Amino acid sequence: MPEEFDPKIVAFACNWCSYAGADLAGVGRMQYPPSIRLIRLMCSGMLVPSYILRAFEKGADGVLVTG
Amino acid sequence: MSNKKIGAVVTVGGGIGGVQASLDLAESGFKVYLVDEKPCIGGVMAQLDKTFPTNDCSACIFSPKLQTLAQNPNIEIVAYSRIEAIEGAAGDFRVKVRRKARYVDPAKCTSCGACAQKCPTKVPNEYNFGHDVRKAIYKDYAQGIPSVYTIDTDHCRVFQGKKCGVCAKVCPAGAVDYEQKDVIEEFEVGAVIMAPGYELFDTSNVSEYGHGIAPNVVVNLEMERILSASGPFSGVVTRPSDGRHPKKIAWIQCVASRDRRKGMPHCSSVCCMASIKQAVIAKEHDATIEPTIFFMDIRAYGKDFDKYYEKAKTDGGVRFIRSMVSRVVDDPVSHDLDIVYLDSESKLKTETFDMVVLAVGIKPSDEAVETARLLNVDLDTERFCVTGSFEPVKTSSPGIFVAGAFQAPKDIPQTVMEASAAAGVAVRMLADQRNTLTSKKELPPEKDFSGQEPRIGVFVCRCGINIASTVDVPGVVDKIRELPGVVYAGENLFTCSQDTQAQIKNVIQEHNLNRMIVASCTPRTHLPLFQETAREAGLNKYLVEMANIREHCSWVHMSEKEKATDKAVDLIKMAVARTAKLEQVQDQQLPMVQSALVIGGGVAGMAAALNLADQGFPTHLLETTDKLGGNAWNLSHTLKGENIQPFLEGMIKKVQDEPKITVHFDSSIKDVHGFVGAFKTEITEAGGVSEVIDHGVAVVATGASEWKPDLYSYGQDPRIRTHFEMTKAMKDGDPQVWKADTTVFIQCVGSRCQERPWCSKVCCNHTVMDAIELKETNPAGKIFVLYRDIRTFGLNESYYEKARRLGVIFARYEPEAPPAVQVGSKLQVSLKDLVLGGTMTISADNLVLASAIIPNENNKELAKFFKISTNEDGYFLEAHMKLRPVDFATDGVFLAGLAHYPKPLDETIAQAEAAGSHAAQILARGYVEAPGMVSVIDPYFCRGCGRCVDTCPFHAPELKEVSPGVFKSEVNPALCKGCGACAVVCPTGAASIRHFKDDQIVQMIDVAVA
């Protein structure tokens, strides 16, 4: 029986907007799949492109950049 | 009278009002004694489940404030105490306070709870309205402050002459002392702020609704406890009679409100919104619930309230029935409840419900009234504190100020505004005593851990059931304990509670931690608290990290408990990996320009400017026209009858005579640079002259305006007027308005509609005021008010009552069928008669349109200049709708008056005093605390290419020639926002951001996908 695909997703979030948005999703009890791991940055402008490559290199199925 | 002044203040009441006033006073450099009757402070707000209109968890937003208060060395919490006497005069009082014996020594009690666990006596828990039990030695709620237990002598066996003494035996700290006595203390203070809050009307007298007899009839505050996760049913909506989940729940509004027979003629202001919120939240807890609200008028008069109400109707599944409820009948067997009511068409109906919530009216408590009498403060016939509209926080007794629901029923943000205003007015009075009685918090020196191996402590929070009901917290702790670098891992019920802070400090010492992680909620609200705790234990605050296992885990994966637990472990592992790489960082102190810019020369702007100037700070007041006063010129008097024009002229004179205030007329802002402490604002003055103003803080008080309607034939006939135009006609003595046979007022003209979905708040009250005056002068004249809901909130209700008594006719219309106006020799106003059916036509001599208040069009431009925001309606958006109503999210910028939302004059003045006082707090500090999380450039690697200079949006890096032809970039930390854009573009890796260095992030990535 094929196993259900359970992706590993790394997300980068800006402290001021999308991280706050993820907080709001929590306060609003909006349910979503638990396959995402969020990394807080102080600004999405802080995201060095190599972070994305690093995530894929280590086996991430997807990278979400928000900000 | 002596001129002695004392730099200390007593605040009475430990609810949100007293807490906010105390924090503001301490922040302004005054010693504070917070006196509360209850064993723990927190007041009603601590008992609430959620708050409207944002559905914020009340405890979650209030707890950090309580923590900050408890940690402030200049605030002494004098709980379980009351004022017995006062002597002296304003500026120099001696206040005698009785500290009641708790029979537990607060200095020894660690709040471990062993006493309560072993105490054999169970008592119905009044904090939860008797739906669960507590012990005879108890604490009202887990996070209660001060964190100390209290013996209830009415139930304790020892005090009932029986054999016991168990608590004293089991207390590991030896804190129980049955011989303890009351203590009388005397405090020398310059002022007293009364914020004792309110209590509910005693519903045992309201037999028609069956509370106290019918088990499934509960009151509003009781419902908050039932809905609360920390309440008697852990947040599961439960019917008290049989523990079943109720399906049909009814809320009945105005129980002992707007009811003169019960001695409660006022509107309690908060119940409509609170009931709508409870209905929405109950349905959120259990989607099968069918909520119904029985009401007379829905009073959703505050910011974003009407949107909340509309949403509850459409998306929230809440049914609203306009009605008068005559009685609630309890079925003696099933305990279901029959509600008998008269509907809006005057038909008598009956409907059965599983549970009924009474929105019971609020009033000052006997204790508060007694204290007020001791303080010689005048109260009105309903025992609320008397104040004037122009000095909304001053009582009749000099040096005694008031805030919150003791003055009139009101919601949290209004209470917070008044608390800050009262603190501000007290500070103005005592300004020269600033910092005379306060002490700086003694912090231990920071330990230097550089070069040491990481010793990480992890504190995993259960957050009551918020985390623990989804995530297997003990399982998480077991896994985390095994991680490299982790030397301690443990769980807490509420990691943010005061007793846990003490525990955390102990753990840091015992395990010699050099880094710590709290796995709980969002760092956006709670990181500062844990940083402070760590700092008190000698740990640099940048060695503290959080893992958000609530908002980002337990709350969003409620049905996948196992995976949520795995995710929580991963999130903490990521935090551990990052934390191991963290370094100590120092915050910086930046210089402060100690002057202010107030934008807008109306009453709000002038009040804020006078507050700032009184505290000694030079203030620039910017006005776009050639005249101070703003909208107030269009008003005649307040609802209470106070004459506005002499007040306004007096205020303008004060501003013009004040040497510290510079007024700039005909001025507008061209550009704004800088940040808190160092703003540079370029303005254009009369004649096109440009000037640059340096200022440390700014207050936005730009006002709003009356909408010019395009409805009801406005503009086609001089007999059709807006409120402002009507006031002018009345002021001018126009016989056409004073001698009219028939005058019609239409409410909600341009308000509460699709284009302007807000209630303009002031119009119902304004109409009632005009109607009374017209009717009293010309009793033969007929007056009709066509309305949707009459919103004479709070103590204004008595004027609505008076208008009806005088014979003013109030007729309701539905928004789908608004009145129609035909202009002829008379104005023909027709509307659908909702009671009798058919159409009613009124031949009127005058028509007054209660037109909407609209935000200024250039708010958006100003918002861009100061990096602040507006809401979707165009009003400025404060930092937090409940707890920070005068602050912006941008540091150093504050908000007051109509620019925030439509409001009456007294509220405008209170908000302006609050904004001025918050602005002055920052200026008084004399420097700006800036985070150390800024860019740093390693000159060894920098090759002076200048890419960072081109990239930085804040102009922080600059190329400097260090030797001939050799350039290196240098960052000005005052301008750096720590965004990290420079580090991304830097080709050599010379630029990096402190606390967000590459290896501190890469470690997290590796663990996240491992």
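Let's start in a loop: Pro146(B) sits between strand E10 (137-138) and strand E11 (150-151) of chain B. Helices (H or I, at least four residues) and strands (E, at least two) are DSSP runs, numbered from the N terminus. This is a predicted model, where local features need pLDDT of at least 70, side-chain atom pairs count only at pLDDT 80 or more, and totals for chains, interfaces and linings use all residues. Residues are numbered from 1 along each chain as its sequence is written, while chains are lettered from A and ligands numbered from 1 in the order in which they are written.

Most residues other than glycine have a negative phi, and most peptide bonds are trans. Here are some spots in chain B that go the other way:

| Site | Feature | Angle |
|---|---|---|
| Phe52(B) to Pro53(B) | cis peptide bond | omega about -5° |
| Ile145(B) to Pro146(B) | cis peptide bond | omega near 0° |
| Arg752(B) | positive phi, not a glycine | phi about 55° |
| Lys761(B) | positive phi, not a glycine | phi near 65° |

Pro53(B) is in the loop between strand E3 (50-51) and strand E4 (56-57) of chain B. Arg752(B) belongs to the loop between strand E38 (742-749) and helix H20 (763-777) of chain B, and Lys761(B) is in the loop between E38 and H20 of chain B too. Are these two buried or exposed? A residue is buried if 20 or more other C-beta atoms lie within 10 Å of its own, exposed if 12 or fewer, and partly exposed in between, with C-beta atoms placed from the backbone. Arg752(B) has 21 C-beta neighbours inside 10 Å, so it counts as buried. Lys761(B) is buried as well, with 24 other C-beta atoms within 10 Å.

**A helix tucked inside**

Now look at helix H1 (residues 16-27) of chain B. Its 12 residues reach 16 Å from the first C-alpha to the last, close to the 16 Å expected at 1.5 Å a residue (the expected span is 1.5 Å times one less than the number of residues). In H1(B), 12 of the 12 residues are buried, so the helix is largely enclosed by the rest of the structure. Among them are Ile16(B), Val19(B), Asp24(B) and Glu27(B). After H1(B) comes Gly29(B), with a positive phi near 95°.

**A mixed sheet**

Chain B also has an open sheet of seven strands, in the order E15-E21-E16-E17-E18-E19-E20, with mixed pairing. Two strands pair if DSSP finds at least two bridges between them. Strand E15 (217-219) and strand E20 (348-353) of chain B are at the edges with a single partner strand each, so one side of each has no neighbour in the sheet. Within the sheet, strand E18 (residues 319-330) and strand E19 (residues 337-343) of chain B pair in the antiparallel sense over seven bridges. There, Asp330(B) stands opposite Leu337(B) in E19(B).

Chain A has two helices and three strands, running β-α-β-α-β from the N terminus on. Its C-alpha atoms fill a box of roughly 45 × 35 × 10 Å, taken along the principal axes. Buried residues make up 30% of the 67 residues in chain A.
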